[in-house]
Amino acid sequence: MEHPENDKAYKGLKVNSGVEAMGVVNPYLSFMRRKRAAVLSVNDYVEGILRGDVTVLSRAVTLVESLLPEHRAIAQEVVERCLPYSGNSVRVGITGVPGAGKSTSIDAFGMHLLSSSNGKLAVLAVDPSSEKSKGSILGDKTRMERLSAHPRAFIRPSASAGSLGGVARKTRETIVLCEAAGYDTVFVETVGVGQSETAVYSMVDFFLLIQIAGAGDELQGIKRGIMEMADGIVINKADGDNIEDARRAAVHYRNALQLFPMPQSGMRPQVLTYSGFFDIGIAEVWNMINSYIENVKASGCFAERRHSQHKYWMYESIEEQLKMRFYNAPGVEDVLSHYEQLLLSGKITSFAAAAKVMEFFDKSRNGNE
């Protein structure tokens, strides 16, 4: 490239050539890219999952979470092939208000579990997505330092992507894949107290509610519905000067639980205190979960709850597919845009606009049959 500044008219000025671009810093980078780009067949996915290959499992979960139709078709076949090898784990849902220490507690619970058995643990940590950018930090691994480095632990943070209350849309299918890969305990962490708890409750065997003391009226900050869903309540950060506050909070919750009807399992939720950061009371919390699972298995409630969950997710899947068919139907996007403009100009009500769009959809569907 010529530089006019080097002309004789500009004495004392000179523009030198720039530094040449450096080559690839890592000589293996191009090889790694080619390796990652390799396309796996359904058999490759299933065989890799069944032998416990974490890389293949991660790729399969990514496939399950994909919104591309071609990925969904492959993912569905992989899940169905893995289904006979699933169902043998204990699924624990973990929720609580933001700041309650869910991720730190999961790290402590997980390390206790893995150190006391030869099992494998999968942690499905759902991270909240931004409503504006749909982006997500996915920082749960940074708060699970010990589990992240453990060879028998698999941590999968997934963006909620605007699905029900922050629960990743395909978490249930991911559980099937993890169980087929040999993970006999699955933790599902939710983003916080809200709608997501209903969805998580309908995919786990034990629903653990984590609370903290000293944040005002403990019973005011939580909804009755979540209290009724909880199979156990634990008060975190029961250490140092906060021990007495945690014990008082536990008494408040025990008293409140006495006012609720007896759960279907026949076991009233226990309320315990512990410290996830200092690993105090972790064994007691896990013993509570184990005792509950043993009792509901013996009474038949465990199997009954699993059957109810299967039915729940069948109807959820039907609703999801109907919604996708509606929005992907030919002409619906244009009709929606038309009635949206009429709505914004005040020429039609929201309910009338919806009725008109559905009328168009029904006619187009009948015409294609």
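This is a predicted model: local features need pLDDT of at least 70, side-chain atom pairs count only at pLDDT 80 or more; totals for chains, interfaces and linings use all residues.
Residues are numbered from 1 along each chain as its sequence is written, and side-chain values use heavy atoms, with hydrogens and water left out.

**Entry: the whole chain**

I looked up the secondary structure and found 14 helices and seven strands, where helices (H or I, at least four residues) and strands (E, at least two) are DSSP runs numbered from the N terminus. Of the 369 residues in the chain, 42% are buried. I then looked at contacts, meaning heavy atoms within 4.5 Å, and saw that among those between residues at least 6 apart in sequence, 73% join residues at least 24 apart.

**Entry: α7 and what comes before and after**

Why is α7 described as largely enclosed by the rest of the structure? I found that 10 of its 10 residues are buried, so the helix counts as largely enclosed; the buried residues include R172, E173 and E179, along with I175, V176 and L177. After α7 comes G182, which has a positive phi, near 100 degrees. K170 is in the loop between β3 (153–159) and α7 (171–180), and K170 is buried as well, at a relative accessible area of 9%. Apart from its neighbours within four places in sequence, K170 touches V64, E65, R72 and E320.

**Entry: α5 against α11**

I looked up how α5 (residues 102–115) packs on α11 (residues 282–299), and found an angle of about 75 degrees with the axes 10 Å apart. The axes are lines fitted to C-alpha atoms, for helices over the stretch in contact, and the angles run from 0 to 180 degrees between N-to-C directions. This makes the two helices roughly perpendicular, since angles of 65 to 115 degrees count as roughly perpendicular, under 35 as roughly parallel, over 145 as roughly antiparallel and the rest as oblique. From α5, A108, F109, H112 and L113 meet I282, A283, V285 and W286 of α11.

**Entry: aromatic rings**

How many aromatic pairs does the structure hold? I found nine, where rings of Phe, Tyr and Trp (its six-membered ring) pair if their centres lie within 6.5 Å, and planes under 30 degrees apart count as stacked, over 60 as edge-to-face and the rest as tilted. F277 and F278 form an edge-to-face pair, 5.0 Å centre to centre with 80 degrees between the planes, and F277 is exposed, at 67% relative accessible area. Y312 and W313 also form an edge-to-face pair, at 5.2 Å and 85 degrees; Y312 is partly exposed at 26%, whereas W313 is buried at 18%. I also noted one aromatic cluster formed by F326, Y327 and F361.

I then checked for charges over rings, which requires NZ of Lys or CZ of Arg within 6 Å of the ring centre and within 35 degrees of the ring normal. The charged end of K120 sits over the ring of Y183, 4.3 Å from its centre, and K297 lies over the face of F302, 5.0 Å from the ring centre.

**Entry: Q309**

Is Q309 buried or exposed? I found Q309 in helix α12 (residues 301–328), where it is buried with a relative accessible area of 4%.

Technical notes: Buried means under 20% relative accessible area, exposed over 50%, partly exposed in between (1.4 Å probe, protein chains only).
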